[in-house]
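Please report on the local features of this protein model.

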Amino acid sequence: MRVLLTGGAGFIGTHTAVALAEHGHEPVVLDDLSNASEEAVRRAAAIAGLEIPLVVGDAGDAAVVGRAIADHGIEAVIHFAGLKAVGESVAQPLAYYRVNIGSAVATLEAMAAHGVDRFVFSSSATVYEQPGAGLREDAPVGIDLGNPYGRTKAMIEAIVADAAAADPALRAAVLRYFNPIGAHPSGEIGEDPKGVPNNLVPFLAQVAAGERASLRIFGDDYPTPDGTGVRDYIHVLDLAEGHVAALEALEPGVLVANLGTGRGGSVLEVLRAFEAAVGHDLPHEVVPRRPGDAAISTADPSRAHELLAWRATRTLDEAIADTWRWQQRNPRGFRG
Ligand code: UD1
């Protein structure tokens, strides 16, 4: 299939482009490069051994998306485009609603105008109203989520459901990501955050590289085995393969699936895995909890296994080793 990846020059998009190519599909990237780089697409193409066309443009403009669909004979769209920083979304809610909701609506409109009916959406475990262990897809989802970023994901899920109810031809998948980490084992592509990373693994990578003084552990008094927060860290290659599986399993209507491992890792376990990869201890200190953080968030991934014949196979240690390889080879990310 010829697949358009909106926001496809980013961390998850580039890995998904490689996975699509490995499964015989033809990825085309549409990205405004506001938080991604052309170099990432070039490297993904080199890994995949094929050309990956890059259309530089805004997925919030239905005419731009429509032109990309027409020019490249697109048969399916994976919609990654959007803003993704929780803290920033609290400070700039309108930008989040405009960009995230606007790009989803424009992309669906352009698809409808061009008769494209296969759609996969990047959602997030953040849509669950009550975080916890072994979350199932039928757990309550709503907009009472504490931050605008999460709300945009839940709202787009509702928009996709409404669009599918109105158009029986639409075949959609909503994929709720847990915590994507890792990098391609080649060390050629990986996560390239701008500024101070918000998320644990990219921050730790910079501590390991000596760019940041010390990891701040946000609380060690949670009701978890070692007192630190527990998350379901999933290797980005497993996540990418989940997109390919979803694309190939699409049926009329909306398929909703968690993409997680089902295993929890604590902040201290991630720290130890990083120390093992680096070969020495890393500076860290315990500080108060980060507001809004849950004690635990892990998936029940059984629906994805049943419906998509997919499951995550890579370990936390592999993901951390791949992160460290990427970090060491690209201390300045894609900036060279
Ligand atoms: C965060 C977002 C979530 C988003 C996800 C992926 C918040 C509150 N949640 O999830 O909406 O979908 O990223 O982008 O921001 N930690 C530290 N020190 C750090 C960073 C993190 O101890 O410097 C801890 C956190 O308290 C948490 C764990 O590490 O227990 C993972 O944090 P993070 O990587 O930011 O992911 P989430 O909080 O799960």
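Strand S1 (residues 2-6) is largely enclosed by the rest of the structure, because four of its five residues are buried. Buried means under 20% relative accessible area, exposed means over 50%, and partly exposed lies in between, with a 1.4 Å probe and protein chains only. Helices (H or I, at least four residues) and strands (E, at least two) are DSSP runs, numbered from the N terminus.

This is a predicted model, in which local features need pLDDT of at least 70 and side-chain atom pairs count only at pLDDT 80 or more, while totals for chains, interfaces and linings use all residues. Residues are numbered from 1 along each chain as its sequence is written, and side-chain values use heavy atoms, with hydrogens and water left out.

**Strand pairing**

Two strands pair if DSSP finds at least two bridges between them.

| Strand pair | Bridges | Facing residues |
|---|---|---|
| S1 and S2 (residues 26-31) | five, parallel | threonine 6 and leucine 30 |
| S8 and S13 (residues 284-287) | four, parallel | phenylalanine 218 and valine 287 |
| S9 (residues 230-231) and S14 | two, parallel | valine 230 and isoleucine 296 |

Strand S8 covers residues 215-218.

Helix H1 (residues 11-22) has 12 residues and reaches 17 Å from its first C-alpha to its last, close to the 16 Å expected at 1.5 Å a residue. The expected span is 1.5 Å times one less than the number of residues. H1 is mostly covered, with 11 of its 12 residues buried. Among them are Phe11, His15 and Leu20. Glycine 24 follows H1 and has a positive phi, near 85 degrees.

Helix H9 (residues 267-278) also has 12 residues, which should span 16 Å, and its end C-alpha atoms are 16 Å apart, in agreement. Its buried residues are Val267, Val270, Leu271, Ala273, Phe274, Glu275 and Val278. They pack against H7, S8, strand S10 (233-235), strand S12 (265-266), S13 and H11. Just after H9, glycine 279 takes a positive phi of about 95 degrees.

**Threonine 107**

Is threonine 107 buried or exposed? Threonine 107 counts as buried, because its relative accessibility is 0%. Threonine 107 is found in helix H5 (residues 93-113). Leaving aside neighbours within four places in sequence, threonine 107 is in contact (heavy atoms within 4.5 Å) with Thr6, Ala59, Val65, Val77, His79 and Phe119. Thr6 is the residue whose bridge partner in S2 is leucine 30. Threonine 107 and alanine 81 are 26 residues apart in sequence and 9.7 Å apart in space, C-alpha to C-alpha.

**The second largest pocket**

About 240 Å³ of space lies in the second largest pocket. A pocket is an open set of points on a 1 Å grid over the protein atoms alone, where a 1.4 Å probe fits and protein lies on both sides within 12 Å along at least five of seven lines; lining residues have an atom within 4 Å of a point. Grid points are joined across faces, edges and corners, and the volume is the space filled by probe spheres set on the points.

The lining has 21 residues, and Glu191, Asp192, Pro193, Gln206 and Gln327 lie nearest the centre. Helices H7 (200-208) and H11 (316-329) each supply at least two lining residues. H7 gives the largest share, four residues.

Leucine 33 has a positive phi of about 60 degrees although it is not a glycine. Leucine 33 is found in the loop between S2 and helix H2 (38-48). Its relative accessible area is 23%, so leucine 33 is partly exposed.

Alanine 309 is not a glycine, yet has a positive phi of about 50 degrees. Alanine 309 is found in the loop between helix H10 (302-308) and H11. At 67% relative accessibility, alanine 309 counts as exposed.
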